[in-house]
Amino acid sequence: MSYAPTPQTTPSRYRERARYDRETVHRILDEALICHLGYARGGHPVVLPTTHARVGETLYLHGSTGSGPVLAAGPAGLPVCVTATLVDGLVLARSALHHSMTYRSVVVIGAARLVEDDAEKRRGLNALLDHVAPGRASDARPPNRRELAATAVLALDLVKVSASVRDGGPNDEPEDIALPHWAGVVPLRMVAGRPEPAVDLDPAIALPSYLESYRRPR
């Protein structure tokens, strides 16, 4: 199954990098820890980093009740563009022009709605916790009514969606191949360190199993 390309999700350059299959899109969204939410405020573009979580074909975005996107989300929803990017490597070419990166990214365009139903809001917040560390939602005190009122969740349906994937090495010009400059890829990856307990943590509380070998899904 794939998302249908639209004029808004069809790139004007490097169309060969575009991906519309759900598996690619879901994997990128599920691995990325941070996304960027773009919207218009007062006639000016605003882009904010935030956390997200995918539940089926819905993307939940974390916010606060006083944040700009939440205040701007009316009954019809807030027109937004959400992007998530994973950098997998540095591509060093012989020429300055052909330097690049290996990456995977997703762009989602649509109208984000404010989640007002308490049950869905709690599901969204639990998904946001489990997106950071699977199993964390059941291993933390749930928000009370005051905390729930101060926290906002936006929901964005995955309809207008595209992914972009750049892999492989440098694309140097044939006449540059013999130049005496190193060319290749420097792989990059996120590696989790050993969890560090809070200074006031009860020593009797053991490290949860879901943190013993923490890694992002891919």
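Predicted model: local features only at pLDDT ≥ 70, side-chain atom pairs only at ≥ 80, totals over all residues.

Mentor: Happy to; let's follow strand 6 and begin with its pairing. Strand 2 and strand 6 run antiparallel and are joined by 3 bridges. Within that pairing, Gly38 sits opposite Cys81 of strand 6. Strand 7 is another antiparallel partner, and 13 bridges tie strand 6 to strand 7. To find one of them, go to Gly89, whose bridge partner in strand 7 is Thr102. Then there is strand 10, residues 184-187, which pairs with strand 6 over 4 bridges, again in the antiparallel sense. Here Leu90 has Val186 of strand 10 as its bridge partner.

Now for the side chains. The largest nonpolar core has 25 residues, and Val80, Val82 and Val106 are the ones that touch the most other members. At least two residues of this core come from each of helix 1 (22-31), strand 2 (35-41), strand 5 (58-64), strand 6 (78-92), strand 7 (100-114), strand 8 (151-157) and strand 9 (160-166). The top contributor is strand 6, with 5 residues. In soluble globular proteins, nonpolar side chains tend to be buried together.

Setting aside neighbours within four places in sequence, Val80 is in contact with Leu37, Gly38, Tyr39, Val108, Ile109, Gly110, Ala112 and Leu156. Finally, another core of 9 residues lies apart from the largest one, and its members include Ala127, Leu128, Leu148 and Ala155.

Methods: Residues numbered from 1 in each chain as written. Heavy atoms only, no water. Core = buried A, V, L, I, M, F, W, Y, C linked by side-chain atoms within 4.5 Å. Buried < 20%, exposed > 50% of the residue type's maximum accessible area, 1.4 Å probe, protein only. Contact = heavy atoms within 4.5 Å. Pairing = 2+ DSSP bridges.
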